[in-house]
Amino acid sequence: MKNIVFLLNAKLRNNIFKQEDIDALSRIGSIVFNTDEEGPDADRAKEFIRDANIAITSWGCPRLDRDILQHAPDLELIVHAAGTVKGIVSDEVWRRKIRVSSCAYPLGIGVAETALEFTITALKNMWNLARNTREGKWAEGRDKVREVYGVTIGVIGAGRAGRHYIKLMKNFDVDILLYDPTVDEQQAQEMGVKKVELEELLTKSDVVSIHAPSIPETYHMINKETLALMKDNAILINTARGSLIDEGALVEELKKGRLFACIDVTDPEPPAEDHPFRSLPNVILTPHIAGAVNNGLYRIGKYAVKEIQAYVKGEKMDGEVFENKLSILA
């Protein structure tokens, strides 16, 4: 039997884990709950993590450094019920050979579904048509409607979200281009996409959907020079991280009226009240909802339980994170 501790606070735990998930974990071992409504801070984490074999973390949990981990000599596994583990995992975790799993995949599903929604509605010119209709017009803008057929979709990044977006787009009769330096030709072929360089993707795509991680190599990868390569009437979708786009350069390009942007993430968040993204007619701005919101959070809890079940059975964990891959992850 394993000792399982929920480090995440009670409010967040109830938003992510259903009772059936808790019941499933209770069949694996004893459970210790953080009953605080906020936090925890490092001192409270030390209290809760004592005697734990498995720690479940999420948003708001402190980095598990040497100071905390010295109170958990029997810790074997950290399951992060959120996305990136970079704010949780320290060098001490790897030194102690504690295994780590991330719930980035269920979050990626929500991101990919949001990108699909943006793709369909933006191609359909639905946002402008809805506004025109509210204003008493009817067919104005209908000539700009495009179906998800015979168009070229460019995907930047084939991580969890990018791969799921590709999977969703394979249901349509479209061409899919992929830019991802970590993917080789064989992997691209297995996904059913064409691997290209970024310049070719931007030049040929009707829709460009960004799914790259926020790492130094991707900072402002969409900038004045790369935006200039995009086709007239192309659609740019960002459900990844705001830092990937030079927002000033994008604003200048959008003011020309030749592109349409669907932006779910900005840098910083939220954007200033007078940010042009809030007023330009060719921008759809949403408040970072692409990952998991409300009932979608339960997808994370279910996945976390499956990861723990796989671990205790000695099976492969789908979301396991390895130290040598951390630098290329979101």
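Biologist: In this predicted model, how are helix 6 and helix 8 oriented to each other?

Modeller: Helix 6 covers residues 104-123 and helix 8 covers residues 160-169; their axes lie 8 Å apart and the packing angle is about 45°. Angles under 35 degrees would count as roughly parallel, and 65 to 115 as roughly perpendicular. Helix 6 and helix 8 are therefore oblique.

Biologist: Of which hand is the crossing of helix 6 and helix 8, left-handed or right-handed, and which residues of helix 8 make the contact?

Modeller: The crossing of these two helices is right-handed. Helix 6 contributes Ala 104, Tyr 105, Gly 108, Ile 109, Val 111, Ala 112, Glu 113, Ala 115, Leu 116 and Thr 119 to the contact. From helix 8 come Arg 160, Ala 161, His 164, Tyr 165, Leu 168 and Met 169.

Biologist: How many residues of the contact of helix 6 with helix 8 are nonpolar?

Modeller: The residues of this contact include three that are polar and two that are charged. The nonpolar ones number 11.

Biologist: How many of the 10 residues of helix 8 are buried, and what do the buried residues pack against?

Modeller: The buried residues are Ala 161, Gly 162, His 164, Tyr 165, Ile 166, Leu 168 and Met 169. Seven of the 10 residues are thus buried, so helix 8 is largely enclosed by the rest of the structure. The buried residues pack against helix 6, strand 6 (149-156), strand 7 (173-179), helix 9 (185-191) and strand 9 (207-210).

Biologist: Which strands are the edge strands of the open sheet of six strands?

Modeller: The strand order in this open sheet is 2-1-3-4-5-13, with mixed pairing. An edge strand pairs on one side only, and this holds for strand 2 (29-33) and strand 13 (320-321).

Biologist: In which sense does strand 4 pair with strand 5, and which residue of strand 5 stands opposite His 80?

Modeller: Strand 4 (residues 77-80) and strand 5 (residues 99-102) are paired over four bridges in the parallel sense. Across this pairing, Ile 78 stands opposite Val 100. The residue opposite His 80 is Ser 102.

Biologist: Which residue of strand 4 is the bridge partner of Ala 55?

Modeller: Strand 3 (residues 54-57) runs parallel to strand 4, and four bridges join them. The partner of Ala 55 in strand 4 is Ile 78.

Biologist: Which residues cover the two faces of strand 4 as buried positions?

Modeller: In a regular strand, side chains alternate between the two faces of the sheet. Strand 4 has both faces covered, and the residues named here are all buried. On one side these are Leu 77 and Val 79, and on the other Ile 78 and His 80.

Biologist: Is Ser 101 buried or exposed, and which residues is Ser 101 in contact with?

Modeller: Ser 101 has its place in strand 5. Its relative accessible area is 0%, and because buried means under 20%, Ser 101 is buried. Leaving aside neighbours within four places in sequence, Ser 101 is in contact with Leu 77, Ile 78, Val 79, His 80, Glu 307, Met 317, Gly 319, Glu 320 and Val 321.

Biologist: What distance separates the C-alpha atoms of Glu 307 and Ser 101?

Modeller: Glu 307 lies in helix 13 and, at 4% relative accessibility, counts as buried. Leaving aside neighbours within four places in sequence, its contacts are Ser 101, Met 317, Asp 318, Gly 319 and Glu 320. Although Glu 307 and Ser 101 are 206 residues apart along the chain, their C-alpha atoms are separated by 7.3 Å.

Biologist: Where are Pro 268 and Pro 270 found, and what is omega for the peptide bond from Glu 269 to Pro 270?

Modeller: Most peptide bonds are trans. Pro 268 is in the loop between strand 11 (260-263) and strand 12 (283-285), and Pro 270 lies in the loop between strand 11 and strand 12. A cis bond with omega of about 5° joins Asp 267 and Pro 268. The bond from Glu 269 to Pro 270 is cis, with omega near -5°.

Biologist: Is Asn 294 buried or exposed, and what is its phi?

Modeller: Asn 294 lies in the loop between strand 12 and helix 13, and is exposed with a relative accessible area of 60%. Most residues other than glycine have a negative phi. Asn 294 is not a glycine, yet its phi is positive, at about 55°.

Definitions and conventions: Residues numbered from 1 in each chain as written. Predicted model: local features only at pLDDT ≥ 70, side-chain atom pairs only at ≥ 80, totals over all residues. Heavy atoms only, no water. Axes fitted to C-alpha atoms, helices over the stretch in contact; angles between N-to-C directions. Parallel < 35°, antiparallel > 145°, perpendicular 65-115°, else oblique. Left-handed = near helix turned anticlockwise from the far one by under 90°. Contact = heavy atoms within 4.5 Å. Nonpolar A, V, L, I, M, F, W, Y, C, P; charged D, E, K, R; others polar. Buried < 20%, exposed > 50% of the residue type's maximum accessible area, 1.4 Å probe, protein only. Pairing = 2+ DSSP bridges.
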